[in-house]
Amino acid sequence: MRRGDDPSAGAHLHRQRVARVFGMSLVIVGAGQAAHQLAASLRERGYDAPVLIVGDEKHLPYHRPPLSKAYLTEPMDADRLTIASRSFYDGANITARLDCRVSGIDRESRQIVTAAGERIDYTKLVLATGSRNRVIEAFERVQGVFSVRRIDEAALLRAQLDEARQVVVIGGGLLGLEFACAARERRCDVVVIEAGHRVLARTLSTVTAARMHAHHEHAGIRFRVCASVAECLSTDGRVTGVLCLDGERIPADLVVVSIGIVPNAELAADAGLDVADGILVDQHYRTSDPTIHAIGDCARIVLSTDRGSVRHESVQNAIDQANGLARYLTEPGYVPGDLLPMFWSKQGKIMVNVVGRTVDSSDAIDFVVGDDGYCRLCFTGGELTGAECVNSMRQYRHVRRLLERGNRATLDQFGGGRTPAEIVATW
Ligand SMILES: Cc1cc2nc3c(=O)[nH]c(=O)nc-3n(C[C@H](O)[C@H](O)[C@H](O)COP(=O)(O)OP(=O)(O)OC[C@H]3O[C@@H](n4cnc5c(N)ncnc54)[C@H](O)[C@@H]3O)c2cc1C
């Protein structure tokens, strides 16, 4: 039913009451990194209308990166992962409704519907629903098999790592290798199974990935590349190993599945919004309904003509998109520009920072940094497009500055072994 169509005075009053509670409100679905940043950024920019965050986890927004790293290897209280305390949200007049799943969007009446059937009005709706882990059906519900996205899942994995001896990680991406390093640090035998012909194929150049592979092998992690899993071996419902398609049986008392994510776009799709491996948004983060925006892991930005679309899965992306949307909502005429992709990964003692486009570059310059670092500068058409920096934070910051400033650094400028720091100094 449309607003104003209902002739019943009682229903009208009820609508008004609901509208008074949440009227003119901005509602964010999902209480993760992007949701927190958007709410905080809106308040910083002087947005004073009600802001409501509705999330299905029990926790206030928290940092996910430690869940595959320090949280598994160091004693760490879950509270330390919280991005901001309850008093921050109270003080900023941001309402956080937790443990509350949103099951539908009624676009006609501009309301979200919770799993408990409650209807909440919105004036602007922002979908920040993130993503969920891809699963392997055959491994589901077998004890000792983990797939970590949430803090509760990481807590269970951490507890079982106390007892584990043989760990198999399925998936040689960034997170898979982080889990492998954490398990190795906990003194487990670790085997990584990767279906592709090399690890880190989606995120790092062949050269940097090969260096990482070698480093991890040296630390005792074993790899099976070009290997696919066929079956989860178990006894009495408890994992005992993994059977590969080539017949190899790899014993395991703990398995971590880390084979990528699926954007949480069903809420949008069910509401009739355009979706294709993510919720499609324009450069203002508007979905096909201009009152609804989407940011973070769940959003796929359709770029201007002929440039296709992109969806990023990183903390920096969630933060940048949230800040861009906050600015767009508070500054008339502001058009968010293209964002510079950035992510990091901490694998044991290795810190990898990546900025810009690297995997598909046509040229590269590699140089060693200090005792254990290196930096790979990537170029396309002779222009600097990105860098992969391993244990070389300083060079990373300089490349980032070069790319953020929009200065067109060229391959020629890096002749004679000049570093990004030296180039920046000349500008
Ligand atoms: C283990 C792990 C390690 C990572 N490490 C790194 C790293 O080192 N570096 C890096 O850059 N990135 C890392 N990431 C990725 C990074 O955490 C994400 O890109 C980032 O959290 C995305 O933010 P988001 O707000 O889009 O989604 P999320 O932070 O995932 O938040 C989305 C929230 O929405 C909730 N939600 C979904 N649907 C509904 C619904 N219908 N109703 C209510 N709530 C809903 C979800 O439960 C979730 O709480 C890591 C991720 C994981 C899981």
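Reader: Which residues in helix 2 meet helix 9?
Author: Gln-33, Ala-34, Gln-37, Leu-38, Ser-41 and Leu-42. Contact means heavy atoms within 4.5 Å. Helices are DSSP runs (H or I, at least four residues), numbered from the N terminus. This is a predicted model: local features need pLDDT of at least 70, side-chain atom pairs count only at pLDDT 80 or more, and totals for chains, interfaces and linings use all residues. Residues are numbered from 1 along each chain as its sequence is written, and side-chain values use heavy atoms, without hydrogens and water.

Reader: And on the helix 9 side?
Author: Among them are Val-315, Ala-318, Ile-319 and Ala-322.

Reader: What is the make-up of that contact, nonpolar, polar or charged?
Author: 10 nonpolar, 5 polar and no charged. Ala, Val, Leu, Ile, Met, Phe, Trp, Tyr, Cys and Pro count as nonpolar, Asp, Glu, Lys and Arg as charged, the others, Gly among them, as polar.

Reader: At what angle do helix 2 and helix 9 pack?
Author: About 35 degrees, with the axes 8 Å apart. Axes are lines fitted to C-alpha atoms over the stretch in contact, and angles run from 0 to 180 degrees between N-to-C directions.

Reader: Switching to the ligand. Which polar side chain atom lies 3.0 Å from a ligand oxygen?
Author: One of Arg-149. Val-315 has a backbone N or O atom 3.0 Å from a ligand oxygen.

Reader: How does the shell around the ligand divide?
Author: Into 15 nonpolar, 10 polar and 10 charged residues.

Conventions. Polar contact = N/O pair within 3.5 Å; in protein donor to acceptor, adjacent residues only side chain to side chain. Helix = DSSP H or I, 4+ residues; strand = E, 2+ residues; numbered from the N terminus.
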